[in-house]
Amino acid sequence: MNNIKLVPLRDSDREQFILDNQEAFNFGALEEFGLRDDHFEEDEQIISSETIEKSIDNGEAYRIMLDGRPVGGVIISVDGEKGDLDILFTSPKEHNKGVGYAAWCEVEKLHPEVKVWETVTPYFEQRNIHFYVNRCGFHIVEFYNKFHPDPNDPEGEHMNLDNQFPDGMFKFEKTMNGGRK
């Protein structure tokens with residue numbers, strides 16, 4: 001999909017970016033759990049605006065553009081040869097069209113210095129697990145749960161395993177060509 005571009009997020013688009021992100025994440029949760037979902041952070045949102053804003057403020061945020069129109073977004077953090085994929089989302093209307101994969105390929109091109117990319121996703125997000133493992137080449141390297149909490153998140157700030165994600169979170173890594181672990 002050659003007509004995908006990553007455009008740095010503009011302040012004027014920040015609120016819409018957050019709303020679009022929440023719509024995409026809610027779609028996945030509602031698809032999995034229906035209206036009985038209890039995985040929401042705030043005001044029936046699977047991911048709070050505060051969580052998204054922290055990611056934007058502490059990383060690089062981009063709009064995923066398809067033929068000049070916004071169809072998703074991505075937030076990454078890069079520190080030398082290590083990259084973190086904080087958020088990647090596409091509009092539910094664009095699912096299964098290769099948009100997310102094309103956007104991920106653009107992220108890799110943006111930061112060829114990164115040797116290892118990391119991300120996490122909830123246990124219930126089979127669609128995300130498929131995407132990261134089977135499409136993007138990540139590997140599951142850890143399973144955070146109530147018996148094995150994320151050692152980098154001692155306060156449980158990023159995920160409340162007991163309430164929001166009781167089944168846990170998978171940690172993924174992708175080692176790039178020439179990279180090392």
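A residue is called buried when its relative accessible area is under 20%, exposed when it is over 50%, and partly exposed in between (1.4 Å probe, protein chains only). Phenylalanine 172, at 0% relative accessibility, therefore counts as buried. The model is predicted: local features need pLDDT of at least 70 and side-chain atom pairs count only at pLDDT 80 or more, while totals for chains, interfaces and linings use all residues. Residues are numbered from 1 along each chain as its sequence is written, and side-chain values use heavy atoms, with hydrogens and water left out.

**Overall organisation**

Helices (H or I, at least four residues) and strands (E, at least two) are DSSP runs, numbered from the N terminus. The protein has four helices and seven strands, which follow one another along the sequence as β-α-α-β-β-β-α-β-α-β-β. Of its 181 residues, 47% count as buried. A contact requires heavy atoms within 4.5 Å. Among contacts with a separation of 6 or more, 67% are accounted for by residues 24 or more positions apart.

**Nonpolar cores**

A nonpolar core is a set of buried Ala, Val, Leu, Ile, Met, Phe, Trp, Tyr and Cys residues joined through side-chain atoms within 4.5 Å. The largest one has 25 residues, and Ile64, Val74, Leu88 and Trp117 have the most contacts inside it. At least two residues of this core come from each of strand S1 (4–8), strand S2 (60–66), strand S3 (69–79), S4, H3, helix H4 (126–135) and strand S7 (169–175). H3 supplies the largest share, five residues. Another core lies apart from it and has eleven residues, including Ile18, Ile47, Ala61 and Phe89. In soluble globular proteins, nonpolar side chains tend to be buried together.

Helix H3 itself has twelve residues and reaches 17 Å from its first C-alpha to its last, close to the 16 Å expected at 1.5 Å a residue; the expected span is 1.5 Å times one less than the number of residues. Buried residues of H3 are Val99, Gly100, Ala102, Ala103, Trp104, Val107 and Glu108.

**Glutamate 94 and arginine 69**

Glutamate 94 is placed in the loop between strand S4 (82–90) and helix H3 (99–110). Its relative accessibility is 8%, so glutamate 94 counts as buried. Not counting residues up to four places away in sequence, glutamate 94 touches Leu66, Arg69, Val71 and Val99.

Arginine 69 is found in strand S3 and is partly exposed, with a relative accessible area of 39%. Leaving aside neighbours within four places in sequence, arginine 69 is in contact with Ile64 and Glu94. The side chains of arginine 69 and glutamate 94 make a polar contact (3.1 Å). Such a contact is a pair of N or O atoms within 3.5 Å; within protein, one must be able to donate a hydrogen and the other to accept it, and residues adjacent in sequence count only if both atoms are side-chain atoms. Arginine 69 and lysine 5 are 64 residues apart in sequence, with their C-alpha atoms 9.8 Å apart in space.

**Aromatic pairs**

Rings of Phe, Tyr and Trp (its six-membered ring) pair if their centres lie within 6.5 Å; planes under 30 degrees apart count as stacked, over 60 as edge-to-face and the rest as tilted. The structure holds eight aromatic pairs, two of which are set out below.

| Pair | Centre distance | Plane angle | Class |
|---|---|---|---|
| Phenylalanine 131 and tyrosine 132 | 5.2 Å | 65 degrees | edge-to-face |
| Tyrosine 132 and phenylalanine 172 | 5.4 Å | 45 degrees | tilted |

Tyrosine 132 lies in helix H4 and phenylalanine 172 in strand S7, so their pair ties together parts that are 40 residues apart in sequence. Phenylalanine 131 and tyrosine 132 are both buried, with tyrosine 132 at 6% relative accessibility. One aromatic cluster is formed by Trp104, Trp117, Phe131, Tyr132, Phe138, Phe143, Phe170 and Phe172.

**Cysteines**

A disulfide is a pair of cysteine sulfur atoms within 2.5 Å, and a search of the whole structure finds zero. The sulfur of cysteine 105 is too far for a bond, because the closest cysteine sulfur, in cysteine 136, is 6.9 Å away. Cysteine 105 counts as partly exposed at 23% relative accessibility, whereas cysteine 136 counts as buried at 3%.
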